[in-house]
Structures are given as structure tokens and as C-alpha cells.
Amino acid sequence: NAAVKAAQRGENVHPATLTYSQIEKMDKQFKQMGAMFDWSKKIVTCDPEYYKWNQWFFIQMFNKGLAYKKHSPVDFCPSCNTTLAREQVVGDDKLCERCGTPVVKKELSQWYFKITDYADELLDFSGLDWPKRVREMQTNWIGRSEGAEVSFETKAGSLEVFTTRPDTLWGATFMVIAPEHQYVADLTSDEQKQAVEQYVETAKRKTEIERQAEGKEKTGVFTGSYAKNPVNGKDIPIWIADYVLMGYGTGAIMAVPAHDTRDFEFARAFNLEIIPVIMPADQNLVGETMTEAYTGDGIMANSAHFDGTLAGKDADAEGITKVIAYLEEKNIGKKQVTYRLRDWLVSRQRYWGTPIPIIYCDDCGTVAANEADLPVELPTDIEFMPTGESPLNSHQGFLNTSCPKCGKAATRETDTLDTFIDSSWYWFRYLSPDKDDAPMDKNIVAAWTPVDTYTGGIEHAILHLLYSRFFTKVIRDLGFINYDEPFKQLRNQGMILGEDNQKMSKSRGNVVNPDDLVADYGADIVRSYLMFIGPWDQGAPWNYQAIEGVARFLNRLWALILDQANEGIFTKKDIKELKFAVHNAIKEVTEDFEGFRFNTAIAEMMSLINMMTKLKSACIVGTDEWQEGITALMKMIAPIAPHIAEELWHRTAHNSSIHLEAWPSYDASALVKDSINMVVQVNGKVRAQIEVAADASKDDILAVAKADDKVAKYLADGQIVREIVVPKKLINFVVKA
Ligand SMILES: [Zn+2]
Ligand SMILES: [Zn+2]
């Protein structure tokens, strides 16, 4: 995209040059920020060594019928000049996910991945620790709905229709079939023959898009025949209208004008009967006087013995379930499930992407490239400006090839793959980026995946996070892994806004540039501030004053650990309080880190630093408790301010890296405030004395007792068969060898 924009400005930069220079720039930024990655595992998705495996996956999916080509109306961005997947069209305004331009519909032959084969599995989030919001967004996007397939008898045979609202069947007053429906000729009466033929002829010249356009005037023609409504035996007229398409469902619908907007308009336009069968709580609808369809929930009426049943999609409504049971019992219909999810459109009319490894041969048809010939390389000498047709189409050297099956002259597919495919499996490749005989190494993958914790923006909910789950299941079915889900725990970070509380954007002039900040403050202060700015999962507006506060915090840490202490004395009570503060901070910071509460973790460390600064004197600095405190502080700040932590570590006489140290653990007994001593016995023999809170619970007392080294030694000899706690006095463990 950037290269296209640059070219539009009159600069001629090849996408490859631009991409690699951006990667170099970002690598530098990451390193400057102290991002600790294993750089030997770096992958670049536009390298042929990487996209070769996109192509390999495509071929496996093609062979399994999971990749297929279909001609149908698709979403097309007139600005990006390419088709888009439905997931990449955003909001009710239908805007392009990449550039924000409203998309248009076009009829094109495009490649799809059959993600719908996995629809039910993708609805299953069991065992996953994912935010509720993401689970809900995916569930709604997949949009499973239960309905019924119902048969209507006609003179040409039975017409099957699918409805999500079988509870409105008694209100079906006419049927509509597509102009291409196979029954059209048989259903048309002699009187209607001429009108029907004319209508069908006109419909042929329209595109699906024109036929489905909303707000257009309803057109249609009566066949002269009737169908029998299976629930009440009424004869209802069968119409032909072009808004019903053969491609979706069965090409026939039952029309319930009282409760469906489009059916209502059609009925009014052609003067067809309207029978309300769902009544709102406070109203009695009458067909003749209705001014619009009633689409809300309500109570069934005019529906024989179902009258009075609660109808609709509400959880309490029994109408749908009861009617389906009735249809099945009478053998006139059956339960059926449909999904909102459609297959993933993966063709793009773009130059910069993975070439689709497909060859068209006049004799053999659509043939996958030989795996041995991969990668099908993207040529570099090309006019890449998007025109709506794939740029590769005009590159003769790329286009013309020979058929892998028969060897005759053939042509290549010239569309490229959606770049979301690159990111649908990349983490597997990190583990063995140089492997050249398979996309991943089974053994290494088994040892390292699934991913324990994955973080990313909520904007990926129905894009990357859905595609990755789909790909993981495909990879499982290809035999590489034996689990179902890519990411066990998912957390979404919030967004950092501009100082004006608005989303950062160049046009608003509120963008904060990380490079400038690192130059001014250093990476550690910027990192610490980013963690301190607000709850990690919610984000916050940028605040220049607050970053100064964070700078002072790191300076105080530096001074606390390295500055010469003044003379002074300390008491036994000081030591006890110090120990409490240190271990309490370790406990709180550990829990905060695990819960992604980095801002409160930093606040904990700040208060420990304040406390220790007040206590600091030449004498106390020499105690074990003090050393324990500063050691814990350095280790806890290390993930947030890695450079400063490392420097402090070396200046306090350590030789190895702090980043190789274990995380500090806390001592529960140090957290006991108003304490009492208790005796611990094992089989009646006194083995230790422990200190516990005066108000400690039985469980807490037992936990402290068991954790005591001297006690643990004896407990390890056998099985605890009894635990006796005499309040404020003693604990006795009865152990059997
Ligand atoms: Zn666009
Ligand atoms: Zn051939």
C-alpha cells in the first residue's frame, strides 16, 4: 500500500525496496526499545522462502477441496482496486478495512478458503482463556442460527424452503421463486405464460447486485399456480421475483408479509394477503391496516393450537422449538442449521503478495503447481500500480508457463493471496525459520506450541484471530499438530490516545513519535511510562507531565541502590516492617504481572522505593533484609526497564545478566503482621516453631506449618493422615510411613 501511495505522489519506489527498508527501520526501533527477541528466528513474510509455504498450504487445501474458485458478487474497494474478504469490510457503512473507502459489489471469479467447514468448531471456545468480547464477536460473526426446512406441495413437485422463523408459518400467504428455478415452466399457467417468459428474460440481463439492491421497486410476476401451506392446508399463490437468487438457499422462499419487511413491500405492491401471526404485547395487528411489517417478538396468533405461545428469537420463546417438533412429527419439515459465516475470499488483484500457485491448462483445466516447483516467485520487474486487474496479468514471463500435468502451454493465475494468510500461521515458522522441506518441524512445534499467551488489539477479533484459529485446525488436519487452538490465553491491549484524548492521527497533529521520546528520555523511561500510563487493557491519553514522574521514579531507584547512605540507626521494628514491605511488594507485583496490571505493579514498586528511601541509613544498608529488598526491586523492574536494571545489577557486584535471574518469590511468614508463635509437632514430637497472624485461619496456619523446612522434612517421610490445630498453641501432624 505504501509503495502505491508513494507512486501516487510521483515517487517511484518498488514495494520490495520499501518493505525491506521499513523492516530495517522497525528492527532498529525494537532493538533501541530493548525488545528481547531471538533475532536468529526472524522471518520476513514477503521472502520467497516464507511465501513458498503459503503456496504449499494453498495446494494442500486445494487438494482437500478447502480452496476453490467461484464466480459471485464480491466486495471490491475502488480505491485499493482489489477485492476484499467480508471480514475486511467494516461496519454498516461497508468501508474498506485498509483505506476506509466505501466498498462496491462486483461480480468476479475468485478463490475462497472453505472456513465454513469449520464453523461449528470455531464456535467452541472451551479451554480457552480469551476475553468475553472477542468470543462474542466471533460467535456473532459465525452467526449460527437454527431454523427449519419446510416442504410446500405444488403441481410441479415439492418446494423446499429454509426459514429461521418457523413460528411464522401460519402467516405465509404466498411463495416466491427465483426466475431460474427449475419449476418455473411447470408452474406457469397458460394465461401467465407470456408475462412469465418476458419477466425471466429481463431478469437474465440483470446482475445479482442489481437484483438485490435495497430500496429498489419490487418487480414480480404471478405463475398462475398455488402451493399448499403445509401447516394449514391453504392454497397460496406462487410468484416469481428476481430478488430471490438461486445461489443462496433453495431458490424459493415462503413469504410472511406481516413479519418481514421485503415480503410486506412485495405484498402491498401486488395486493397480496397479509395475515399477522405474531402479536406485540399491547396491540392487535390487522393485515389490512398494517403500515409496516412487525419484526419484533410477541405472542403467536392465527396459528391454530399454537396460539398464545411466546414467539421470536428470545431465549424464553418456545414457538420455534415447538413448531419444529410439530413439523418433524407431521413429516412436513425438519430442523436445519445455517451460518452467517461465508467462505474466506483470498484472491487479491494486487502485485505485492503471494502468487496463487494455480495453472490453467486448456486440456487439464485448473491444475495446482508442482510442489517441487515452489515457490512460484513474484517477478520484480513489473508495473505494480493497481488497476482493478491483477498487475501480474500483463507480465508475459510470469503469465505464460507450461501445464504441470501435460506439459502444454498454459497460463498462471495472476491474482495474489490476501496478506492475512501470511499471519495465519507465522508463529509456527518462528520455531524453524530455515527448514526447507516442510513449513514447520513437528517435534519442535510439539515442544513449543500452542502459544501460552498471545496479545493483540481487539480490531483483530474477526480477522487475524479468526483466520489463525481456522489455519490451526487445517494444520492439525494435515497432521502437524494434535491440538485444536493456536493461543491458550488471549489479552487485548488498550489504545494509547493523543494528549487531546483522541485517537492519534497525523491530521489531528496529536501523534507522539517513539523515536523522539527515546532520544529525549531513553528507552527505559518510555517503556516504564507506557506500562504506567493506564490499565494495559484499556489504554489512556498521552501525558507529558506523567512521563516526567516516571523519570523521577527511576532516578529514585538509582539513588536508593547506589547513593552513599547517611549515618543513622534502625530498630528491630524497622527491620520487621522492611521485610514485610519487600515481601508484600513481591507478592503484589507478581500477581499484577500475571494479571497484566503493569500500572499497579509499578505503583507497588514506587511505594516500596519511597518506604526504603525513608528507612535508608548506613547501618541498615548492611543488613540481609535490605539487600533482599534492593535485589527484589532490581529483578522486578528488569522486564520494564531492562537497561537500567542491568546496569544496577552490575554496579552491585554481579557479573552475569540480571535477565538470566529467577523471578523473586515471597515468604508468606514475612507477611504476617500481628503474629503469635505456634509449636509444630509431627507425630507428637516438637519439630519447629512458626509465626502466624493472630487471626490466621486454620488453612493458613497449616500452610505456613507445612512450608517450614524443618517440618517439611518429616512430612516427606510419609502420608499425612490427620492434621490437628489447637488454636494459638500448636499444630500436630499425624504421619504414616
Ligand atoms: Zn481500500
Ligand atoms: Zn494440461
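What you see here is a predicted model. The domain assignment divides the protein into five pieces: domain 1 covers 1–37, domain 2 takes 48–119 + 345–487, domain 3 is 145–338, domain 4 is 552–668, and domain 5 is 672–736. Between the C-alpha centres of domain 1 and domain 5 there are 63 Å.

Now the four-stranded sheet. The sheet is open, its strands come in the order S2-S1-S5-S16, and the pairing is antiparallel. Why do strand S2 and strand S16 each have one side without a neighbour in the sheet? S2, at 82–84, and S16, at 344–345, are at the edges and have a single partner strand each, so one side of each is left without a neighbour there.

Next, S1 and S5. To pick out one position, His-71 has Ser-109 in S5 as its bridge partner. Helix H3, residues 48–63, lies across S1 and S5, and its direction is at about 90° to S5.

On to the three-stranded sheet. This one is also listed as open, with the order S17-S23-S18 and antiparallel pairing. The edges are taken by S17 (347–348) and S18 (354–355); each has a single partner strand, so one side of each lacks a neighbour in the sheet. How many bridges pair S17 with strand S23? Two, in the antiparallel sense, with S23 at residues 416–417. Within S23, Thr-416 is the residue opposite Arg-348.

That is what I have for today.

Terms used: Residues numbered from 1 in each chain as written. Chains lettered and ligands numbered in written order. Predicted model: local features only at pLDDT ≥ 70, side-chain atom pairs only at ≥ 80, totals over all residues. Heavy atoms only, no water. Domains from an automatic or database assignment. Pairing = 2+ DSSP bridges. Contact = heavy atoms within 4.5 Å. Axes fitted to C-alpha atoms, helices over the stretch in contact; angles between N-to-C directions.
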